[in-house]
Amino acid sequence: MRAQFVLSEIGVGLRRNLTMTFAVIVSVALSLALFGGSLLMSDQVNTMKGYWYDKVNVSVFLCNKSDAESDPNCAKGAVTEDQKKQILADLEEMSVVDKVTHESQDEAYKHYKEQFGDSPLASSLTPDQMQESYRIKLKDPEKYQVIATAFDGRDGVQSVQDQKGILDNLFGLLNGMNWAARAIMALMLVVALMLIVNTVRVSAFSRRRETGIMRLVGASGFYIQAPFIMEAAVAGLIGGGVACAFLVIARYFIIDHGLALSEKLNLINFIGWDAVLTKLPLILATSLLMPALAAFFALRKYLKV
């Protein structure tokens with residue numbers, strides 16, 4: 001009987017404040033969709049870091065004849081065969097180095113033509129103007145500075161470049177976007193909490209006569225509060241369900257179908273469905289507990305039971 005009464009009161013409360021209930025559902029849905037999206041963005045950035053950092057190389061570019069005439073780092077002339085052998089030997093002895101690959105001037109010229117063949121500069125370049133280099137794969141991409149310290153300024157070395165620095169700029173941008181999404185999410189959560197508190201208070205005020213009678217006949221505080229708390233929880237849970245549906249639909253249409261980014265951007269290792277599905281229970285639990293707790297604390301002060 002008591003359970004039936006509580007359930008009937010939930011339906012009455014949701015219908016009485018339909019507009020505010022709808023606003024609660026929308027605000028909870030938006031805030032939790034942003035919450036889930038920010039979690040997935042973090043997973044995506046970490047996945048991309050693991051994928052790309054494993055592929056980045058440190059390049060030791062060697063001086064050629066052109067550099068000897070124009071670059072202060074190559075003031076002592078083009079790299080000699082003895083210098084190349086010594087550089088290679090030193091690289092292979094370093095504990096941080098996993099693999100060393102040599103790229104000749106002809107190979108560098110071929111790669112440049114493949115990537116920038118349409119550039120006006122490509123037609124004026126010759127293989128002897130290209131720099132040969134050693135491409136080093138590190139066991140730990142964070143250890144770039146060890147290579148830079150050992151070879152920067154060395155005879156025959158024009159420069160040491162780390163591809164990780166380029167990726168760091170990209171990941172910095174992605175992390176910035178992620179933090180912006182979290183800031184918007186936090187704002188939306190505050191708005192949702194305010195709407196929940198106001199909705200509960202309006203519902204409690206509209207039923208103050210019933211709650212007064214219940215208090216007079218000796219109803220417990222929890223029994224009086226339960227319908228209001230469950231109203232907020234149900235509205236929040238509906239919003240959480242909408243947020244989950246939005247994330248699933250977004251993953252389906254943006255990555256797999258529709259935009260099909262997984263096919264158009266094969267160089268990006270996108271997060272899988274497991275990353276999305278593991279976030280859904282957290283979103284649903286948050287959508288249930290957050291409104292219930294907000295209603296509980298609002299009612300303690302308002303109803304004074």
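**View 1. Helix 11 and the nonpolar patch.** Helix 11 (residues 273–302) is the top contributor to the nonpolar patch, giving six residues; helices here are DSSP runs of H or I, at least four residues, numbered from the N terminus. The patch covers about 610 Å² and is built from L237, L284, L288, L289, L293, F296 and F297. Of these, L293 is found in helix 11. Patch members have over 30% relative accessible area and no salt bridge (a Lys or Arg side-chain nitrogen within 4 Å of an Asp or Glu carboxyl oxygen), with nonpolar side chains joined within 5 Å. Areas are Shrake-Rupley values with a 1.4 Å probe.

This is a predicted model, so to speak: local features need pLDDT of at least 70, side-chain atom pairs 80 or more, while totals for chains, interfaces and linings use all residues. Residues are numbered from 1 along each chain, and side-chain values use heavy atoms, leaving out hydrogens and water.

**View 2. Two aromatic pairs.** The structure holds two of them, where a pair means Phe, Tyr or Trp (six-membered ring) centres within 6.5 Å, with planes under 30 degrees apart stacked, over 60 edge-to-face and the rest tilted. Y252 and F253 sit with centres 5.1 Å apart and planes at 85°, so they go edge-to-face. F296 and F297 are edge-to-face too, at 5.3 Å and 75°.

**View 3. Arginines over tryptophans.** R182 lies over the face of W179, 4.6 Å from the ring centre. R251 puts its charged end over the W273 ring, 4.9 Å from the centre. The cut-offs: NZ of Lys or CZ of Arg within 6 Å of the centre and within 35 degrees of the ring normal.

Key: Patch = residues over 30% accessible without salt bridge, like charges linked within 9 Å, V, L, I, M, F, W, Y side chains within 5 Å. Helix = DSSP H or I, 4+ residues; strand = E, 2+ residues; numbered from the N terminus.
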